[in-house]
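Welcome! Here is a short tour for someone meeting this protein for the first time. Please have a look at the sequence and the model before reading on.

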Amino acid sequence: MSRILVPSIFHAIHFSHNFNRQGIGIDIHQLTGHSGTILQHRECVPDKLILPTSVINLDCLPAHPDLSKIERELYQKRGRELILDRALKKIEGYDYLIIDTPPNLGLLTENALCASKWVLIPCQM
């Protein structure tokens, strides 16, 4: 069975929050770190921020409302579009990473695109 990690970089925290509301087991108010932590601190070890869920083989690197502020800070960093890619390459043991992104083409989404091999864009018809 495939192991899946969902790093969420959507500051509205829908994915992380829905995990909590649906009883899947993540309480965003108890976080000691989140996806923004790996964007701010290159020395951060992402494995330590990954949280298991009650769904077998599905883990989450949760988002936090501070991501919108962190995104603004990233504009001043050199190589800012590759920060997420470098951080995610440190993570091992997953068959798939599904990155939850904001619905706009800001710096967080640009980071996700640069870190991805494939892109799935859901749309409402």
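## The sheet

Leu-51 stands opposite Cys-60, a residue of strand S3. Strands here are DSSP runs of type E with at least two residues, helices are runs of type H or I with at least four, and both are numbered from the N terminus. This is a predicted model, in which local features need pLDDT of at least 70 and side-chain atom pairs count only at pLDDT 80 or more, while totals for chains, interfaces and linings use all residues. Residues are numbered from 1 along each chain as its sequence is written, and side-chain values use heavy atoms, without hydrogens and water.

Let us step back to the whole sheet. Four strands make up an open sheet with mixed pairing, in the order S2-S3-S1-S4. At its edges are strand S2 (51-52) and S4, each of which pairs on one side only. Two strands count as paired if DSSP finds at least two bridges between them. S2 and S3 (residues 58-61) are antiparallel and share two bridges, and here Pro-52 has Asp-59 as its bridge partner. Strand S1 (residues 4-7) runs parallel to S3, joined to it by four bridges; on this side, Leu-5 stands opposite Asp-59.

## Two covered faces

In a regular strand, side chains alternate between the two faces of the sheet. Are the residues on the two faces of S3 buried or exposed? Both faces are covered: Leu-58 and Cys-60 on one side, and Asp-59 and Leu-61 on the other, are all buried. Buried means under 20% relative accessible area, exposed means over 50%, and partly exposed lies in between (1.4 Å probe, protein chains only).

## The hairpin loop

The hairpin of S2 and S3 has five residues between the strands, and among them Asn-57 takes a positive phi near 65°. Thr-53 also sits in the loop between S2 and S3. Thr-53 counts as buried because its relative accessibility is 13%.

## The nonpolar core

In soluble globular proteins, nonpolar side chains tend to be buried together. The largest nonpolar core in this model has 22 residues, of which Ile-38, Leu-39, Leu-74 and Leu-84 touch the most other members. Such a core is a set of buried Ala, Val, Leu, Ile, Met, Phe, Trp, Tyr and Cys residues joined through side-chain atoms within 4.5 Å. Helix H2 (35-40), helix H3 (67-74), H4 and H5 each give two or more residues to this core, and H4 gives the most, with four.

## The largest pocket

The largest pocket has a volume of about 1100 Å³. A pocket is an open set of points on a 1 Å grid where a 1.4 Å probe fits, with protein on both sides within 12 Å along at least five of seven lines; lining residues have an atom within 4 Å of a point. The volume is the space filled by probe spheres set on the points, which are joined across faces, edges and corners.

Helix H4 (83-88), strand S4 (96-97) and H5 each give two or more residues to the lining, with H5 supplying the largest share, three residues.
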